[in-house]
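This report goes through one protein model for a reader who has not seen it before. Please keep the sequence and the structure in view while reading.

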Amino acid sequence: MKIRVDATRCSGIGLCEMTAPTVFEIGDDGQSQVIGSADDNFTVAQEAASNCPTGAIFIDS
């Protein structure tokens with residue numbers, strides 16, 4: 001599985017990092033970035049994607 005963040009939608013709120021800190025972090029540019037694998041952290045990655053207020057997180061199989 002692959003996780004991606006659409007930078008045109010991400011506003012850097014940080015809910016993804018709070019929900020799944022092993023998968024996401026807010027970078028120096030203020031955007032979320034993927035730092036972990038969905039395979040190892042599928043449940044929390046899916047929760048972060050569902051809770052993203054801008055719908056910027058996608059999990060592709």
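How many disulfides does the structure hold? The structure holds 0 disulfides, a disulfide being a pair of cysteine sulfur atoms within 2.5 Å.

## Basis of the report

This is a predicted model, in which local features need pLDDT of at least 70 and side-chain atom pairs count only at pLDDT 80 or more, while totals for chains, interfaces and linings use all residues. Residues are numbered from 1 along each chain as its sequence is written, and side-chain values use heavy atoms, with hydrogens and water left out.

## Cysteines

The structure contains 0 disulfides. C16 is in no disulfide, and the nearest cysteine sulfur, that of C10, lies 6.3 Å away. C52 is in no disulfide either; for C52 the nearest cysteine sulfur belongs to C16, at 6.6 Å.

C16 has 8% relative accessibility and therefore counts as buried. C52 is also buried, because its relative accessibility is 17%. In this report, buried means under 20% relative accessible area, exposed means over 50%, and partly exposed is in between (1.4 Å probe, protein chains only).

## Salt bridges and a charge over a ring

A search of the whole structure finds 2 salt bridges. A salt bridge is a side-chain nitrogen of Lys or Arg within 4 Å of a carboxyl oxygen of Asp or Glu. One of them joins the side chains of D60 and R4, at 3.0 Å from N to O. This pair links distant parts of the chain, with D60 in strand 4 (residues 57-60) and R4 in strand 1 (residues 2-5), 56 residues apart. Helices (H or I, at least four residues) and strands (E, at least two) are DSSP runs, numbered from the N terminus. D60 counts as partly exposed because its relative accessibility is 31%; R4, with a relative accessible area of 37%, is partly exposed as well.

R4 has another contact: its charged end sits over the ring of F58, 4.5 Å from the ring centre. For this, NZ of Lys or CZ of Arg must be within 6 Å of the ring centre and within 35 degrees of the ring normal.

A salt bridge also forms between R9 and D6, whose closest N and O atoms are 3.8 Å apart. R9 is partly exposed at 41% relative accessibility, and D6 is partly exposed with a relative accessible area of 21%.

## A nonpolar surface patch

Which residues form a nonpolar patch on the surface? I13, L15 and M18 do, with about 310 Å² of accessible area together. Patches are made of residues with over 30% relative accessible area and no salt bridge, joined within 9 Å for like charges and within 5 Å for nonpolar side chains (Val, Leu, Ile, Met, Phe, Trp, Tyr). Accessible areas come from the Shrake-Rupley method with a 1.4 Å probe, and for residues only the protein chains shown count as cover.

M18 is placed in helix 1 (residues 15-19). M18 has a relative accessible area of 62%, so it is exposed.

## Pairs apart in sequence

N51 lies in helix 2 and is partly exposed, with a relative accessible area of 40%. N51 and C16 are 35 residues apart in sequence, and their C-alpha atoms are 7.6 Å apart in space.

A56 is in the loop between helix 2 (42-51) and strand 4. A56 counts as buried, because its relative accessibility is 1%. Between A56 and G12 there are 9.9 Å in space, C-alpha to C-alpha, and the two are 44 residues apart in sequence.
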